[in-house]
Amino acid sequence: MASAAPNTGLPLLYTQLEPVSSQQHGTMKVRGLQALPAAANVHAIPLTVDEFALAQRHYPIIFSAGEDPVPLALMGLNEGVNTFIDAEGQPIDRQGYLPAYLRRYPFLLARLNSEADELSLCVDPTSGAVGDFEDGQPLFDGDQPSDATKAILQFCEQFEEAGQRTGLFMAELKKAGLLMDGEVAIQPEGVEQPFIYRGFQMVDEEKLRELRGDELRKMNQNGLLPLLFAHLFSLSQTREIFARQVEQGKGPAGVSGPALQSAEA
């Protein structure tokens, strides 16, 4: 979950990065983004373990494929489909939970070069959030960070700390061998064959049940068990995402009704 350095590739949604400095941004202001157009075509957003309890009420929590999986909040079942953010980048459900990854944008902490020990606050200058605006909050008070910049920095620091906890959680999952290739089948009413969704990882419930008592006790003491169950419970939200796609006209061809018969993970 650690942010990628500017010179080694950019993380999801970011198109450019520059360090926030009094020399370059001393007279500039920051204003809250009202929309995230780039997120409209993103179907899965990185998630930290700190968010599992809230996120599982709204999104299926899955794990990316590959050797270094990360937790993801599934906002759509197909590439390019986001059922929570409209084409203009506006949240469809104003009262819903928005992942911290989206709330952090356009800022992040990154190493300016491979030899740097510390992370620096950076911003995507193409976001439209920072500039010589009449409105907004100043980034600097003289040559010192303003209260607004300090608050942004604090949020980004908390996100990085949550990312480190997430990395430890994923390492424990891999060590315990609990991850398996995921599959979800959704059977809409009136459709002969179910729709099958793959390409992600999930916790193997059978292996979880077979863990020894001392292993389960350790996971419980480390706070891992609630996270595992939040992930497993969240998978039932998959059928809700499918229904949202159908309702928004983004569902599979031939499916136009909201009714679903079953959804199995």
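Okay, so let's start with burial: of the 265 residues in this protein, 45% are buried, and by buried I mean under 20% relative accessible area, with exposed being over 50% and partly exposed in between, using a 1.4 Å probe and protein chains only. Before I go on, this is a predicted model, so local features need pLDDT of at least 70 and side-chain atom pairs count only at pLDDT 80 or more, while totals for chains, interfaces and linings use all residues. Residues are numbered from 1 along each chain as its sequence is written, and side-chain values use heavy atoms, with hydrogens and water left out.

On to the overall fold. We've got eight helices and 16 strands; those are DSSP runs numbered from the N terminus, H or I of at least four residues for helices and E of at least two for strands. The radius of gyration is 21 Å, close to the 18 Å from the globule rule for 265 residues, so the protein is as compact as a globular protein of that length. That radius is taken over C-alpha atoms, and the rule is 2.2 Å times the number of residues to the power 0.38. The C-alpha trace spans about 65 × 50 × 30 Å along its principal axes.

Now look at helix α8, residues 238-247. Seven of its 10 residues are buried, so the helix is largely enclosed by the rest of the structure. Among the buried ones are I241, F242 and R244. After α8 comes G249, with a positive phi near 75°.

What does R244 pair with? It forms a salt bridge with D93, closest N and O atoms 2.9 Å apart. D93 sits in the loop between β5 (71-74) and α3 (100-104) and R244 in α8, so this pair ties together parts 151 residues apart in sequence. By salt bridge I mean a side-chain nitrogen of Lys or Arg within 4 Å of a carboxyl oxygen of Asp or Glu. R244 counts as buried at 18% relative accessibility, whereas D93 is partly exposed at 34%.

The whole structure has seven salt bridges. Another one joins E160 and R104, at 3.6 Å from N to O. Here E160 is in helix α4 (residues 147-176) and R104 in α3, 56 residues apart. Both ends are under cover: E160 is buried at 10%, and R104 is buried at 3%.

Then there's E183 with R198, 2.8 Å from N to O. E183 is partly exposed at 37%, and R198 is exposed at 58%. Finally, salt bridges with shared partners join R212, D214 and E215 into one network.
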